Amino acid sequence: MYYEKKTRRFECIAHRTITFENSSLHFHNEVEIIINLGHGAKANAFINSKKYSFDNEYDAVIVTPGQIHTYETIKEGLFMTFIFPPEFIPRLQNSLLTKHPANPVFNLKELGINDTFMNFWSSHGELPDNIKHLRSSLIIGFLNTLMAHLFYKVKFIEDDSNSELLHRIILHLVENYSEQINLSDLSDTFKTPPSVISKAFNATTGITFPSFLNWIRVTVAADMLANTNNTITSISYKVGFRTIRNFNRAFIEFYGTTPSKYRTENNVS
């Protein structure tokens, strides 16, 4: 897992898959929206440890700044990704920085803007590449329309007041996930009562601190299973699990399958 400091903060990309070499668990300061444009496309988003499916045409998922996420392509098709800084939506900028959707998955048809999107798609494709200012203006205009409809019809929740503290703690966990860390250790490191840290994890991520730490560990393990020939036992210990039994249990909890089956289906080394 890592903090992604983007060199290009504004992107609009169409692609067949949303699983990339650098698509491991991460977070960034930009808003990210991925729209399923059909052609058989099916995918999952993992946001703050929760799994969300967007398998139908015009299904979309939004990730707000600071949310920890990754994606999994179930079936290739056609996706469109928008990445943009909150200031591109000036009227909603503060809300994007302090709130997150109760459910990050939405559907353009249900919002009533699928026709608007298709008009945008057609116009976007017709613009010459050398007229970049027109292309970017069109994209930003569509994003403002999309976000206005989204905030009107989707419930957004205030981020926990300790979200800044939580992000600092998460960065610490990213660097030390293989160590044996408990709430008492974090309390000593960040001079914060364990109850405050525990409450921040539950409020922001929806799961306990131990489960969140295990989530980080198994996502690192999944990358190793897919890209190395290290034994499952050695991977288990490398990422911080004391027993293979606990590793298997945590892996199944978050990925819905065993480490060995995951390796069979995903190993490319």
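Predicted model: local features only at pLDDT ≥ 70, side-chain atom pairs only at ≥ 80, totals over all residues.
Q: OK, overall picture. What does the radius of gyration say?
A: The protein has 269 residues and a radius of gyration of 20 Å.

Q: How many helices and strands?
A: The protein has 11 helices and 12 strands. These are DSSP runs numbered from the N terminus: helices (H or I) have at least four residues, strands (E) at least two.

Q: How much of the protein is buried?
A: Buried residues make up 48% of the 269. Buried means under 20% relative accessible area, exposed means over 50%, and partly exposed is in between (1.4 Å probe, protein chains only).

Q: What about the accessible surface?
A: It comes to about 13,400 Å², and 49% of that belongs to carbon and sulfur atoms. The areas come from the Shrake-Rupley method with a 1.4 Å probe; for residues, only the protein chains shown count as cover.

Q: Now E4. Is that strand mostly covered or mostly uncovered?
A: Strand E4 (residues 31-36) is mostly covered, with 6 of its 6 residues buried. Val-31, Ile-33 and Ile-35 point one way. Glu-32, Ile-34 and Asn-36 point the other way.

Q: Why two ways?
A: In a regular strand the side chains alternate between the two faces of the sheet.

Q: Which strands does E4 pair with?
A: E4 runs antiparallel to strand E9 (residues 79-84), with 6 bridges between them. E4 is also antiparallel to strand E7 (residues 59-63), with 4 bridges. Two strands pair if DSSP finds at least two bridges between them.

Q: Who sits across from whom?
A: Towards E9, Val-31 has Phe-84 as its bridge partner, and Asn-36 has Phe-79. Towards E7, Ile-34 stands opposite Val-61, and Ile-35 stands opposite Ala-60.

Q: How many residues of E7 are buried?
A: 5 of its 5 residues, so to speak of cover, E7 is mostly covered. Asp-59, Val-61 and Val-63 point one way, while Ala-60 and Ile-62 point the other.

Q: What other strand does E7 pair with?
A: Strand E11 (residues 105-107). They are antiparallel, over 3 bridges. Val-61 stands opposite Val-105 there.

Q: Back to E9. Why call it largely enclosed?
A: Because 6 of the 6 residues of E9 are buried. One side has Phe-79, Thr-81 and Ile-83; the other has Met-80, Phe-82 and Phe-84.

Q: How does E2 pair with E9?
A: In the antiparallel sense, over 5 bridges. Glu-11 stands opposite Ile-83.

Q: Which cysteine is found in E2?
A: Cys-12, in strand E2 (residues 11-15). Cys-12 is partly exposed, because its relative accessible area is 22%. Cys-12 and Phe-251 are 239 residues apart in sequence and 33 Å apart in space, C-alpha to C-alpha.

Q: Switching to Phe-142. Is this residue buried or exposed?
A: Phe-142 is buried, because its relative accessible area is 4%. Phe-142 lies in helix H4 (residues 132-153).

Q: What does Phe-142 touch?
A: Phe-82, Thr-116, Phe-117 and Phe-120, not counting residues up to four places away in sequence. Contact means heavy atoms within 4.5 Å. Phe-142 and Thr-116 are 26 residues apart in sequence and 8.0 Å apart in space, C-alpha to C-alpha.

Q: Across the protein, what share of contacts joins residues at least 24 apart?
A: 74%, among contacts between residues at least 6 apart in sequence.

Definitions and conventions. Residues numbered from 1 in each chain as written. Heavy atoms only, no water. Rg over C-alpha atoms; globule rule 2.2 N^0.38 Å.
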